[in-house]
Amino acid sequence: QTPNIRPVIRQLDSAAVNRIAAGEVVERPASAVKELVENAIDAGARRIGIDVSGGGKILIRVTDDGCGIAPSDLPLALSRHATSKIDGSDLLNIHTFGFRGEALPSLGAVGRLTITSRVPGEAAAEITVAGGETSAVKPAALNSGTVITLRDLFYATPARLKFLRTDRAEAQAITDVVKRLAMAEPFIRFELRDVSGDPRTVFRAEAQTRDPMSALRARLSDVLGAEFAENSIAIDTEREGLHLTGYAALPTYSRGAAVAQFLFVNGRPVKDKLLTGALRAAYFDFLSRDRHPAAALFVDCDPQLVDVNVHPAKSEVRFRDPGLARGLIVSGLRHALADAGHRASSTVAS
Ligand code: ADP
Ligand code: MG
């Protein structure tokens, strides 16, 4: 039975469109922190500060010393599908975390967002968006870089607010996000502060002159603990344009749950079934079935060989040749683990 109404198709206004997109991009405070810290990394920052309050629901502030945003670009930074990172002609050639131009407009749709920024040679300026209303660009005080302040996240979407966990749990999720990003960037300083008084988390930048593998080891030791670093072996192997590096823990350092598995593709933290499956397969002969390996692994390749545009949060990837990626991890880790085993047993024998 046809209902007696005639549907009318309307174009949604940009505030509504941004709120809809925000549902995918900003699931919880930690997702906002992820987007803002990734922007700071994309901007070439060497120091990134993250201040949070109320589990990120009251305040998230990310401060960086990156390239900044010109005053005339501030309104564009807040408009949807506006990005400085790609020109749109080549979606298979992505070298930055961002490229969708969605994070800032989405955050502005679900919280009160202020961007304060300065580029060399111009005065600092700021812009605010709240409740779908964008302010004019105003002069501001800032020496360099960018400060993005997000207050009252989800104040306009009480339904989403209700789904959030306790402040403590949301703060923990933020810490996890920062740790994950910090693992991949040992040459950047990260400082996370919870305004509610928890101790600061600081990951000092490794010296630029340090070689990347030893810098990575030092950072993993800071983030995952010295014990992980001491019980891990260095992985550095390559196959047909896919490069695998990182540290994989000895089977004796395994865990009862898969909690210490960190996978990155071109520097991007991913949660990928293909890669975690390969990790499990690599340890198959070395671990009993109820044990889980610990590892921080980085797959790097030409951006053309992997599609990161699978999901708005960009935590899934698709390799052009999934078998190659799996094979690289399985055989790279197996060889390294077998070598370590031989070395261990020959030390015992001698
Ligand atoms: P995307 O990162 O996908 O480009 P965003 O909405 O996250 O989209 O950011 C929009 C634009 O704002 C970026 O392309 C960049 O030019 C600028 N921007 C955002 N954050 C920063 C920052 N911390 N420093 C410098 N520029 C930034
Ligand atoms: Mg971004």
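## Helices α2 and α6

The crossing of helix α2 with helix α6 is right-handed. This comes from a predicted model. The two helices pack at an angle of about 25°, and their axes lie 8 Å apart. Angles under 35 degrees count as roughly parallel, so α2 and α6 are roughly parallel to each other.

Which residues make the contact between α2 and α6? From α2 come Pro29, Ala30, Val33, Lys34 and Val37. From α6, which covers residues 167-183, come Glu170, Ala173, Ile174, Val177, Val178 and Leu181.

## A closer look at α2

Helix α2 covers residues 29-42, which makes 14 residues. At 1.5 Å a residue, α2 should span 20 Å.

Is α2 enclosed or open? Of its 14 residues, 13 are buried. A residue counts as buried if 20 or more other C-beta atoms lie within 10 Å of its own. With 13 residues passing that test, α2 is therefore largely enclosed by the rest of the structure. Just after the helix comes Gly44, with a positive phi of about 80°.

Now to the strands. Strand β11 runs over residues 242-249. Six of its eight residues are buried, so the strand is mostly covered.

One partner of β11 is β10, residues 232-239. The two run antiparallel and are joined by eight bridges. Thr237, for example, has Leu244 in β11 as its bridge partner. How many residues lie between β10 and β11 in their hairpin? There are two, and Glu240 in the turn has a positive phi of about 40°.

Another partner of β11 is β14, residues 295-300. These strands also run antiparallel, with six bridges between them. Here Tyr247 stands opposite Ala296 in β14.

Definitions and conventions. Residues are numbered from 1 along each chain as its sequence is written. Chains are lettered from A and ligands numbered from 1 in the order in which they are written. This is a predicted model: local features need pLDDT of at least 70, side-chain atom pairs count only at pLDDT 80 or more; totals for chains, interfaces and linings use all residues. Helices (H or I, at least four residues) and strands (E, at least two) are DSSP runs, numbered from the N terminus. The expected span of a helix is 1.5 Å times one less than its number of residues. A residue is buried if 20 or more other C-beta atoms lie within 10 Å of its own, exposed if 12 or fewer, and partly exposed in between; C-beta atoms are placed from the backbone. Two strands pair if DSSP finds at least two bridges between them. Axes are lines fitted to C-alpha atoms, for helices over the stretch in contact, and angles run from 0 to 180 degrees between N-to-C directions. Angles under 35 degrees count as roughly parallel, over 145 as roughly antiparallel, 65 to 115 as roughly perpendicular and the rest as oblique. A crossing is left-handed if the near helix is turned anticlockwise from the far one by less than a right angle, and right-handed if clockwise. Two residues are in contact if their C-beta atoms, placed from the backbone, lie within 7 Å.
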